[in-house]
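Please look over the sequence and the model below before reading the report.

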Amino acid sequence: MAVKPAVYGNSERPPRGDYSRGGEVAADYTCPQNYAAYTAADHDTYSRLYKRQSALLPGLACDEFIAALPSLGVSERIPRFEDINNKLFKATGWEVVAVPGLIPEVPFFTLLANRKFPVTDWIRKPEEFDYIVEPDIFHDLFGHVPLLFDPVFADHMQAYGAGGLKAHRLGACEQLSRLYWYTIEFGLMRQRGEIRAYGAGILSSAGELAYAVKNAEPQRIMLDVLRAMRTRYKIDSYQQTYFVIDSFQQLFDMTAPDFTPLYQQLRRMKELAADESLPEDAPAGTSA
Ligand code: HBI
Ligand code: FE
């Protein structure tokens, strides 16, 4: 039986990826990494993306990310998940598992709660080199997996999965997904008095990396969990608001409490537009 694909955000477009694969996609949406299916052009795309993106990191990416990136292994071709897992499991008990693309929230959260990170196994076409809306293997591996080698971040991701299952029971997936978006995907961090990126959506984007960290246009405010959960987001443009943390430990501590009362509070509050600003917002000055 073929599993149903997921849609991202409020998109009406069916997701990319083959969710049948001749019966190879399991009920939990995992599948074998179809390594033999990668063409020479696919390996070349990965290698060129890796090279361009890793050259942009100094001064823009957080220290933890730069330190962990070499753990991904080979960069001149698409890595085998098996090889990554040999190191990753020893480092933090996490594993990457292949999926055909975006998957629904419950299976997604379930994998995270079990320290398994779903990685889309296909890669963008050469003509999509600079931009692709949905996550491909480059976004998932390069953007997300290095920080799974960091013990504090690794524990935070597992807790997020468990929190997602709870949010689902409480009908609050949308609120929690916004927090995910503004932290794990588009989060910024202060280090030595400067802004650095830790969010995967930023770190895997050639254009948004410098924009998020340096450009004067977007607002950068200190992370407030309730504030982030109230804020809508755009999936097809650079962010207009970025939320800033001081450390992964701080992120872990801020997201550890039971969100049940927050979800109740949120039901009585109005949502905020992606570019809205509030008098109580704390701007992230560049001296921590
Ligand atoms: N599926 N493969 C994949 N990758 C994601 O990042 C992902 C997903 N499904 C749901 C989802 N993200 C979002 O709903 C998160 O906000 C939870
Ligand atoms: Fe992502």
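## Overall form

This is a predicted model. The secondary structure of the chain consists of 12 helices and 6 strands. Its radius of gyration is 18 Å, close to the 19 Å that the globule rule gives for 288 residues, so the chain is as compact as a globular protein of that length. The C-alpha trace spans about 55 × 40 × 35 Å along its principal axes.

Of the 288 residues, 53% count as buried. The accessible surface of the chain is about 12900 Å², and carbon and sulfur atoms account for 53% of that surface. Among contacts between residues at least 6 apart in sequence, 68% join residues at least 24 apart.

## Nonpolar core

The largest nonpolar core has 88 residues, of which Phe65, Phe117, Val145, Met157, Leu188 and Tyr198 touch the most other members. Helix H7 (residues 173–185) supplies the largest share of this core, with 7 residues.

Leaving aside residues up to four places away in sequence, Met157 touches Trp94, Leu112, Phe117, Leu148, Tyr180 and Ile184.

## Iron site

The iron ion (ligand 2) is coordinated by NE2 of His139, NE2 of His144 and two OE contacts from Glu185, at 2.0 to 2.7 Å. In sequence, the donor residues follow the spacing H-x4-H-x40-E. The angles among the 4 donor atoms run from 52 to 138°, and the site is irregular.

His139 counts as buried because its relative accessibility is 11%, under the 20% cut-off. His144 is also buried, with a relative accessible area of 5%.

How values were computed. Residues numbered from 1 in each chain as written. Chains lettered and ligands numbered in written order. Predicted model: local features only at pLDDT ≥ 70, side-chain atom pairs only at ≥ 80, totals over all residues. Heavy atoms only, no water. Donors = N, O, S within 2.8 Å, 3.2 Å for Na, K, Ca; no water. Tetrahedral: all angles 85-135°; square planar, octahedral: opposite > 155°, others 65-115°. Buried < 20%, exposed > 50% of the residue type's maximum accessible area, 1.4 Å probe, protein only. Core = buried A, V, L, I, M, F, W, Y, C linked by side-chain atoms within 4.5 Å. Helix = DSSP H or I, 4+ residues; strand = E, 2+ residues; numbered from the N terminus. Contact = heavy atoms within 4.5 Å. Rg over C-alpha atoms; globule rule 2.2 N^0.38 Å. Areas by Shrake-Rupley, 256 points an atom, 1.4 Å probe, with all protein chains shown as cover.
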